[in-house]
Amino acid sequence: MSKQSGNFVAGPHPGQAFAGRLWRRFDLFRPLPTLACCFVVLFLLGNTPLGAATLKAAVAKVDITPPIGLPMYGFFDRIKEGRVSTGVLDPLYARVLILEVGEKRLALVTLDLGRTFNAAGIERLRKTLDTSSGISLLIVNASHTHSGPNLLDEYPSGQPPAWELETLNKIAATVHEASGRLVEARVGTGYGSVYIGYNRRVVGSEGRVTMLWSNPGMEPTSPLDPRVSVLRVDDAGGKPLAILVNYACHPVVLGADNSKYSADFVGVMASTVETAFEGAPICIFLQGADGDINPYYATTPLKEDATAKRDWTGKQVGEEASRIARTIQTEIFPQPAIDFTDDVMNFRWRWDATTLRNSLLKTYGARIFEDHAGTLANDPPPDHLELHVITLLLNKRIAFIGMPGEPFVNFQINWRDRCPVADAFFLGYTNGYFDYLPTIDAAAEGGYGAADSNTYMEVGAGEQMLRHALVRVYEMLGRLKDSPEKD
Amino acid sequence: MRTLRKLQTRTLSHVADGVITFVVLVISAQGVAGAATLRGAVAQVEITPPPGVEMWGYSDRTGPATATLDPLYARVLVLGAGKNFLALVALDLGRSFGPASLARLQDVAPQCFSSLIVTASHTHSGPVVMDRYPNGTPAWELAAVDKIGHAIQHACSHLVDVRVGTGYGAAYIGHNRLHVNTDGTVNWFERNLTKIPTSPVDPMVSVLRIDQVDGTPLAILVNYSCHPVVFGSDNLQYSADYPGVMTKTVEGAFGQKPLCFFLQGAPGDINPYYAVTPLQQNAIRMRDWTGERLGREAAWIAKNVQTKADPEATLQFVEHKLKFHSRWDPQKWRAAMVAVFGPSVFQTFPPPAEGELELSITTVLINKRIAIMTMPGEAFVDYQISWRERCPVPDAFFLGYANGYYGYFPTVRSATLGGYGAANPATWVEVGAGDRMVDDAVIATYGMLDRLRKLPEDVKP
């Protein structure tokens, strides 16, 4: 592998990167917070007119299926019992979309993995892409498949496993290769709806929450967001390059009894779309705010034909996404623009961190830190948590928010309601992973991901992140002036 | 003419205590403190300053106050259960006092109350109030604070068992003064004499009635959102504006038995129809129309409120200080202040607007069902509506201008649309601060309802 493509080797966390050229640290609220919310890192690009610049794009896809024999992600029972992967049902991919306007180049990397890489991994990828490919803007989004390899924030050896380093190398090389074949692009959006899942937290009339872990009878639940949002990227001649599909649903049709790698319904969805377009474009799944949303056929046992249920689920989304994509009229924007921020917000722990750590150990044993709450593996835990929130505004009309965890679906609905541009995409599992982000109401109601140990960020963190991204979009639109009116 | 300042206190006879549990919650510390009944007392003291004091609210006044149209009052309610008492002070002033005077009030009777809310009606016909005065706190404010302190102490020593109830109605006395045009620009819509419908407005009149145990009304608290600016800058006489008329109307309807409190809500973008009526166009009559209309509705609501003694009375509160940064670059903000309000603005209106800002937010929960949130400034009306929609208990009161003053709190969207209070120098706290404060109050309310666990559901303690 060439030097430019950026090999990854095990090494110390490049913490100094946060003080590097691209990152400015603003410690506005010292001492650090009893009450959260400080913007620590800001990097805002693209608010200047771009003149005659054009939007360019390139796409790529790389197989990142790890070797068998690795611990798998997502079901604690599987981790606790030390079960490892035994085969491959369908390959796992990283998909890449590179966008460029003028001097600005952004890479969107989506992963058929349970979560994104840890902070060190993302930072290494960012630095490598900056050096090798001139890409300083990076979004890494995971589909949250529960049939991938496990990823941790902290590895017992202090180093990520070989497959993870190799995967980072593959992604860097793929991005580098794609960045050499950017073409003028046109974009368009479209919307539809599909029902493949349900809200797994059932709030009773007395306020008690019951978890509904599968719903093969397709009983109606709420809140739910059936919206399928599609962003289509074509070359200048109208040939589709990429079809991005944003939807919110846990990829957990396959359950803990499955020990083979699979992208779950997401892989089927992508194949369905790509086939519908005769393999021309790459279909990129963008997982939304699925913190409380399961597929109807969640955790179907293999002996009950789980793969057929996975395929049904994926095809439902894929066929709707294809229908939407076909109706989209892409266009070349006369003044294309990429506006992007990646901000770090500081939050308090929801629970007393040391007490939580001790309680987790007492309840589940040490292996709990291989499931969720990786940050808690530190003893003592950090006194606060730093979360990346990304905001992307494309051509001043297509907005994306990225949250580093599993937001509840109401955030996605709220984002769309409040976003000041017509197109509002929501990305969970982006640029970091801090487990569940329930709404304030859900945190009070309780249930899995709302008031158990799978959520540990201060209550209201999701609302703050959403508001932060909303303000960013307004800033990018030039609708928040930097000085007061004088009349 | 210097007006008479007289401490008026209403006391009530004692009744037998019930046996109930209550929860003390101060700055998120919670503990069970024993049995209690809800107890309360009210007091009223006149705080009209002498003539000659600069007046609040308009930058184009021709001089200081010359006289008094109607007296300005401070009304005090002390309410609590067990050892947990709230002192609520409602002022006929443009804003609440600054940190020094609030600290003096905090210290006046620490054994009597554990939380203090000082809220102002925002009348624009009162004296200038500042956080820090160039030549020290003026005599009128020192005297007013002393009187209020005595009123609190007096109320504390005359507590009686009380019962509470709430009721709601609607009154239309104002409009949204920021008119958003179809092209997204905003026009200043100061007066609306023909009562053209606007939005958003919140016509809801929320009433909290506090009775003695025999049903005799002790206090009627009226929560509504509208700028008290029927009088304009040509008026140089002290007046409570329409809230003074409103309180008189309510008290008159109840044979002067209860004390009526006006609790200003979130009128950051709401003006009365007859805003800034020139004196020569009979502004006094317009003030009276506005106050009487609201007062009659409040009285009608109050008469229909069925108060009841809660066998498990509680009063809880959470006091938070939230940190925000300034919205503007200090130099740009100062330049805009001078451009908008004139070169003398910092002599009468020097707010804390630079660097890190620490805002006090209090959330109160009475009997586990009546919530009150405060904001230290001029919140846009959508915040009041949002608070009511999101508050997890049925009764949600919103108090602006409470425990400090940090200018306007526009919604995020309003901040982008622009206009007075939305994007001019009268707003200086970071965009989104109001949303954050509502979030905080919702979370605090859930906490006081014990609906936010201390440990995750799934772990062993």
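Okay, helix 7 and helix 9 of chain B: how do they lie against each other? They're roughly parallel. This is a predicted model, by the way, so keep that in mind throughout. Their axes come within 10 Å and cross at roughly 25 degrees. Angles under 35 degrees count as roughly parallel, so that's where the label comes from. The crossing is right-handed.

Who's touching whom there? On helix 7 of chain B, which covers residues 381-390, look for B:Y383, B:S386, B:W387 and B:R390. On helix 9 of chain B, the partners are B:G434, B:V438, B:A441 and B:V442. Sort the residues of that contact by class and you get 5 nonpolar, 2 polar and 1 charged.

If you're new to this, here's the general idea: two packed helices are described by the angle between their axes and the distance between the axes.

Now, stay with helix 9 of chain B, and let's go to the place where the two chains meet. There, 38 residues of chain B are in contact with 33 residues of chain A. Which pieces of chain B supply at least two residues each to that side? Strand 18 (315-325), helix 5 (330-341), helix 8 (412-417) and helix 9 (433-448). Helix 9 of chain B gives the largest share, 6 residues. By class, the side of chain B that touches chain A has 20 nonpolar, 6 polar and 12 charged residues.

Next, the inside. The largest nonpolar core has 280 residues, and the ones touching the most other members are A:V245, B:V76, B:V78, B:V222 and B:A298. And helix 9 of chain B turns up again, with the largest share of this core, 9 residues. Zoom in on B:A298: setting aside neighbours within four places in sequence, B:A298 is in contact with B:V205, B:V207, B:I220, B:V222, B:M246 and B:V250.

One more residue, B:M286, in helix 4 (residues 283-304) of chain B. Buried or exposed? Buried, because B:M286 has 21 other C-beta atoms within 10 Å, and the cut-off for buried is 20 or more. Apart from neighbours within four places in sequence, B:M286 is in contact with B:V230, B:Y274 and B:T277.

Last, a quick look at chain A. You'll find 9 helices and 23 strands in there. Of its 487 residues, 57% are buried. And take the contacts in chain A with a separation of 6 or more: 81% of them are between residues 24 or more positions apart. That's me done, thanks!

Technical notes: Residues numbered from 1 in each chain as written. Chains lettered and ligands numbered in written order. Predicted model: local features only at pLDDT ≥ 70, side-chain atom pairs only at ≥ 80, totals over all residues. Contact = placed C-beta atoms within 7 Å. Helix = DSSP H or I, 4+ residues; strand = E, 2+ residues; numbered from the N terminus. Nonpolar A, V, L, I, M, F, W, Y, C, P; charged D, E, K, R; others polar. Axes fitted to C-alpha atoms, helices over the stretch in contact; angles between N-to-C directions. Parallel < 35°, antiparallel > 145°, perpendicular 65-115°, else oblique. Left-handed = near helix turned anticlockwise from the far one by under 90°. Core = buried A, V, L, I, M, F, W, Y, C linked by C-beta atoms within 7 Å. Buried ≥ 20, exposed ≤ 12 C-beta atoms within 10 Å, placed from the backbone.
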